[in-house]
Amino acid sequence: MTRPRPLTPRSDPADTAGAVGEFPLIARVVARSGTAALADVGPGDDAAVLRTPDGRVVACTDVLVEGRHFRRDWSSAEDVGHKAAAANLADVAAMGAAPTALLVGLACPADTPAAWLEGVAVGMAAECAPFGAAVVGGDTSASAPDSSAVVLSVTALGDLGGRAPVLRSGARPGDVVAVAGRLGWSACGLAVLRRGFSAPAAAVGAHRRPLPPYAAGPAAADAGATAMCDTSDGLLADAGHLATDSGVVLDLDRAVLRETFVVGPLPQVAAALGGDPLVWVLTGGEDHALVATFPSDVGLPEGWTRIGVVHEATEDGPGVRVDGVPAAQVAAELGEETGHVHFG
């Protein structure tokens, strides 16, 4: 494995957020932000104006805090922009919708390089471009005087295109459980970075820039998915949301998960670190794969893999099991929690 090189260039004191000033800085960032196809009024006014072909708007918000969700010595500015956008766009897809726009709130120290903030805008624009989406507005603020962290609050908007939204609460006994996208790659990359290395590039790249299966969300809705969410906190944790909200048990197949998702750099890195790569598949977050349930008589759309079945809740209540074993017990046997816990 290869040692990383610093990704944040040395700051030019004359080209920081504080030196440039709020409105010139906003103008530079907006120039990098792209154009939303459905925006009648974009950045620059008190609010943006978007067309809503469906008549309904899907909306979600994620907050990314430097030191918790990203590190500037591990990720480039463009990486951070891609990751911030992906975390939100995946939530839109998990409702069965297509992204239309982002709103971004930024708090940063005055000495943050203006070029770095432009890079974040470039990354966001690139992540949004395939959908005709873009950043259409937001706000900027200096961080608290005693804070050196950059904070990004991103709100994504989406259009359902006439579909019913796919909620977390619709799974029913007899449904099948399926996943679209990659599992464990981001957690694998994080493990590499934490040990001071920057390779394998495939693993580290997956942590820096996740690849959510955006098209799989609307495809699942069209196919009749009964419940769905993205796996931002890990498969066991997020499948647990489906189970709890639907009042059912999701029983996952360990052999299928290992055979299908322990691929790419996961076996190599796990062997080098002396661990079991299945732990990343089950508990690693930030790949933003989608997990959903479908009626058993429905053919799964392209890109979806069956990983389990839905049962009635037992006397122990709803939850997730792996080959009949409770998720918490499986995670503990692997030496992990079931997924990421905020404030934990």
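Why does Thr155 count as buried? Thr155 counts as buried because its relative accessibility is 19%, where buried means under 20% relative accessible area, exposed over 50% and partly exposed in between (1.4 Å probe, protein chains only). The model behind this is predicted, so local features need pLDDT of at least 70 and side-chain atom pairs count only at pLDDT 80 or more, while totals for chains, interfaces and linings use all residues. Residues are numbered from 1 along each chain as its sequence is written, and side-chain values use heavy atoms, with hydrogens and water left out.

Thr155 sits in strand S6 (residues 151-159); strands here are DSSP runs of E with at least two residues, helices are runs of H or I with at least four, and both are numbered from the N terminus. The Thr155 side chain makes a polar contact with the side chain of Thr61 at 2.8 Å. A polar contact is a pair of N or O atoms within 3.5 Å; within protein, one must be able to donate a hydrogen and the other to accept it, and residues adjacent in sequence count only if both atoms are side-chain atoms. Setting aside neighbours within four places in sequence, Thr155 is in contact (heavy atoms within 4.5 Å) with Cys60, Thr61, Asn88, Ala101, Leu102 and Leu103.

Over in strand S10 (residues 290-294), five of five residues are buried. Leu290, Ala292 and Phe294 point one way, and Val291 and Thr293 point the other way. S10 runs antiparallel to strand S7 (residues 176-180), with five bridges joining them; two strands pair if DSSP finds at least two bridges between them. Val179 stands opposite Val291 of S10. Strand S8 (residues 227-230) is also antiparallel to S10, joined by four bridges, and Met228 has Ala292 as its bridge partner in S10.

Now for the helices. The axes of H2 (residues 22-31) and H4 (residues 114-128) come within 8 Å and cross at roughly 35°; axes are lines fitted to C-alpha atoms, for helices over the stretch in contact, and angles run from 0 to 180 degrees between N-to-C directions. On the H2 side, Leu25, Arg28 and Val29 meet Ala114, Ala115, Leu117, Glu118 and Ala121 of H4. By class, this contact of H2 with H4 has six nonpolar, no polar and two charged residues.

The axes of H5 (residues 185-194) and H10 (residues 266-273) come within 10 Å and cross at roughly 35°. Trp185, Cys188, Ala191 and Val192 of H5 make the contact with Leu266, Val269 and Leu273 of H10.

Conventions
Ala, Val, Leu, Ile, Met, Phe, Trp, Tyr, Cys and Pro count as nonpolar, Asp, Glu, Lys and Arg as charged, and the others, Gly among them, as polar.
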